[in-house]
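Q: Please take a close look at one part of this model and describe how its side chains pair and pack.

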Amino acid sequence: MIFVSHAREDREAAVGLVRELEAEGFDCLIDPDLLEGNPFWREELSQQFHDCELMMCLASRYAEHSPWVEQERRAFPGLRMWISVDPMTKNPRVSRGGRDIVAEQGRAVNEVRAVLPARNCQYLRMRHQ
């Protein structure tokens with residue numbers, strides 16, 4: 001499963017990315033619309049991280065200043081892929097821990113295929129049915 005992290009100002013781009021990924025057979029998790037700040041929601045979301053193999057972070061000037069995106073980034077233990085959705089954020093800041101990939105917006109699905117082979121997505125779908 002793929003978790004899509006985004007600033008609320010980038011919600012439209014995040015929903016579009018989720019639609020594109022799901023059309024290609026990838027299962028996605030995205031936070032409920034505008035529920036930020038609810039500590040129980042944050043806890044529930046972080047508990048679902050163990051089912052996610054990849055976090056896709058939408059990089060933008062809004063995400064750079066979002067405490068929620070930063071919390072999700074720090075809490076997620078796995079591989080993270082950064083997609084720039086803002087011309088002002090061409091080179092997203094990533095950690096050098098070997099768990100981050102930077103991908104171009106138009107190539108997101110191809111990059112996901114490279115790191116999450118289709119057999120993994122089919123396995124996860126079967127496991128959650």
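Which side chains meet in a salt bridge at 2.4 Å, N to O?

A: The side chains of Glu24 and Arg113 meet in a salt bridge at 2.4 Å, N to O, where a salt bridge is a side-chain nitrogen of Lys or Arg within 4 Å of a carboxyl oxygen of Asp or Glu. This is a predicted model, in which local features need pLDDT of at least 70 and side-chain atom pairs count only at pLDDT 80 or more, while totals for chains, interfaces and linings use all residues. Residues are numbered from 1 along each chain as its sequence is written, and side-chain values use heavy atoms, with hydrogens and water left out.

The pair links distant parts of the chain, since Glu24 lies in the loop between α1 and β2 (28-30) and Arg113 in helix α5, 89 residues apart; helices (H or I, at least four residues) and strands (E, at least two) are DSSP runs, numbered from the N terminus. Glu24 is partly exposed, with a relative accessible area of 41%, and Arg113 is partly exposed at 38%; buried means under 20% relative accessible area, exposed over 50%, and partly exposed in between (1.4 Å probe, protein chains only).

Turning to the packing, Val112 is in contact (heavy atoms within 4.5 Å) with Ile2, Leu21, Phe26, Leu54, Met56 and Met81, leaving aside neighbours within four places in sequence. Val112 is also among the residues with the most contacts inside the largest nonpolar core, which has 18 residues, such a core being a set of buried Ala, Val, Leu, Ile, Met, Phe, Trp, Tyr and Cys residues joined through side-chain atoms within 4.5 Å. Elements giving two or more residues to this core include α1 (11-23) and α5 (108-115).
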